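Biologist: I have a model open and would like to learn how to read it. Could you walk me through a few features?

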Amino acid sequence: MIEVKDVHKSFNDNEVIKGVSLSLNEGEVVTILGPSGSGKTTFLRCLNFLEIADSGSITINDQKVTFGEASVDEVLQLRRKMGMVFQNYALFLNKTAKQNIMEPMILVHGYSQQQAEERAETLLQAIGLPEHGNYYPSQLSGGQKQRIGIARALAVHPTVLLFDEPTAALDPELVGEVLKVMKAVKAAGVAMIVVTHEMQFAYEVSDRVIFMADGVIVEEGSPQQIFEHPKESRTQAFLDRFTVH
């Protein structure tokens, strides 16, 4: 369903992504782990053209786009198949929770006001915030804002959701409510690529786990393989700090 091939990305003379490839099947959840500076977030941003990769390609269903050569229309068509959830929520501060969910539906995907409103209300119910549609971001907790971010990403029925460390900015007691929504997204059959430091979540929810370091994939496999029997010493050293059950 999704195939990423040989992605390279440099900033000036510093190559931060060194030929990363990844495939993802319908409904599959892949988590990407690794130390800070390993290229995880840059790789994710390249997939959605928030950073422009130097070379490589991405194919979603039958649409292939080559990095560095993509037209504006090709990028737009690809983005319509993706939703992205950011570490810092990226909500419009001057719009309510419901309006934040509705905005991309109306402006990018051509939903009518009524269609967007109905979809937004359904999603507010699904994420456990049915009474918060008229709240502004300043009136919401970090966990609530991130759940609104997930609802906004889900609103247009994306083929795949990209999560960039969705719990990193949250207080520990708020992490659980966001992970609960993410588990519900998996149960609904939406494919996800998740950059995260939440090891227990990665262990419980992932179909595959990727460990990245220095701009390359060091190792990938099932959660059990990566967490319990890593083959590479670099993976082992990274995971030694964490305990999963």
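Modeller: Gladly! Let's start with Lys 9, which lies in strand β1 (residues 2-11); strands (E, at least two residues) and helices (H or I, at least four) are DSSP runs numbered from the N terminus. This is a predicted model, where local features need pLDDT of at least 70, side-chain atom pairs count only at pLDDT 80 or more, and totals for chains, interfaces and linings use all residues. Residues are numbered from 1 along each chain as its sequence is written, and side-chain values use heavy atoms, leaving out hydrogens and water.

Biologist: Which side chain of opposite charge is nearest to Lys 9?

Modeller: Glu 51, 4.5 Å away. Beyond four places in sequence, its contacts (heavy atoms within 4.5 Å) include Thr 42, Cys 46 and Asp 54.

Biologist: Is helix α1 mostly covered or open?

Modeller: Mostly covered: 6 of the 8 residues in α1 (residues 40-47) are buried, among them Thr 42, Phe 43 and Cys 46. Just after α1, Phe 49 has a positive phi of about 60°.

Biologist: How are two packed helices described?

Modeller: By the angle and the distance between their axes. Here the axes of α3 (residues 97-107) and α5 (residues 142-154) come within 8 Å and cross at roughly 25°. That makes α3 roughly parallel to α5, the term for angles under 35 degrees. Ala 97, Asn 100, Ile 101 and Pro 104 in α3 meet Ile 148, Ala 151 and Arg 152 in α5.

Notes:
Buried means under 20% relative accessible area, exposed over 50%, partly exposed in between (1.4 Å probe, protein chains only). Lys and Arg count as positive and Asp and Glu as negative; His and the chain ends are not counted. A salt bridge is a side-chain nitrogen of Lys or Arg within 4 Å of a carboxyl oxygen of Asp or Glu. Axes are lines fitted to C-alpha atoms, for helices over the stretch in contact, and angles run from 0 to 180 degrees between N-to-C directions. Angles under 35 degrees count as roughly parallel, over 145 as roughly antiparallel, 65 to 115 as roughly perpendicular and the rest as oblique.
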